[in-house]
Amino acid sequence: VLMPYINSFANLFTGLKHFTPSIQNAKNVYPGDKKCRTIGTHSKWHEEAANGLVDVTYIAFRISGITLAGDKKVSSVSEYISAICFCL
C-alpha cells in the first residue's frame with residue numbers, strides 16, 4: 001500500500017523520471033505480485049531493491065554526464081546537487 005508513495009517521494013527527492021509506471025505504482029510488476037505482496041514483506045524488499053538499482057543506474061549516467069567535459073546534459077546546478085545528495 002505504501003510502495004507507490006515511497007517511490008513518489010524518492011522521485012521528488014532525486015528528480016528522476018521513471019519510464020515504467022507499473023513499477024512506480026507497484027502494480028503488475030511480476031507474475032503473482034498481488035499474492036506475494038499480501039503474504040510477506042520479502043518480495044516487497046526485492047521489488048524496492050530492484051527499483052533502487054534502476055535509480056543508481058540513472059544517477060550514474062547523470063554523474064557521468066556532469067563529469068564529461070563539454071557535456072550539456074546537465075541543465076542546472078540543482079541537478080548536480082540532486083545527483084550528489086542521492087549518492088551520499
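Reader: What makes the place of glutamate 47 a helix?

Author: Glutamate 47 is found in helix α4, residues 42-67; helices are DSSP runs of H or I with at least four residues, strands are runs of E with at least two, and both are numbered from the N terminus. This is a predicted model, in which local features need pLDDT of at least 70, side-chain atom pairs count only at pLDDT 80 or more, and totals for chains, interfaces and linings use all residues. Residues are numbered from 1 along each chain as its sequence is written, and side-chain values use heavy atoms, with hydrogens and water left out.

Reader: Why is glutamate 47 called buried?

Author: Buried means under 20% relative accessible area, exposed over 50%, and partly exposed in between, with a 1.4 Å probe and protein chains only. Glutamate 47 has 8% relative accessibility and therefore counts as buried.

Reader: Which residues does glutamate 47 touch?

Author: Not counting residues up to four places away in sequence, glutamate 47 touches Met3, Ala26, Val29, Tyr30 and Arg37, where contact means heavy atoms within 4.5 Å.

Reader: Is alanine 26 buried or exposed, and where does it lie?

Author: Alanine 26 has 10% relative accessibility, so it counts as buried. Alanine 26 lies in the loop between α2 (21-25) and α3 (33-39), and its phi is near 60 degrees, a positive value in a residue other than glycine.

Reader: Why does asparagine 28 count as exposed?

Author: The relative accessibility of asparagine 28 is 61%, so this residue counts as exposed. Asparagine 28 is also in the loop between α2 and α3, and its phi, near 55 degrees, is positive in a residue other than glycine.

Reader: Why is tyrosine 5 called exposed?

Author: Tyrosine 5 has a relative accessible area of 60% and is therefore exposed. Tyrosine 5 lies in helix α1, residues 3-14.

Reader: How many helices and strands does the chain have?

Author: The chain has five helices and zero strands, and along the sequence its pattern reads α-α-α-α-α. Buried residues make up 22% of the 88 residues in the chain.

Reader: Where in the chain is confidence lowest, and where is it highest?

Author: Confidence is expressed as pLDDT, the predictor's confidence in each residue, from 0 to 100. In the chain, confidence is lowest in helix α5 (residues 77-87), at a mean of 62, and highest in α1, at 84. The mean pLDDT of the chain is 76, with 74% of its residues at 70 or more.
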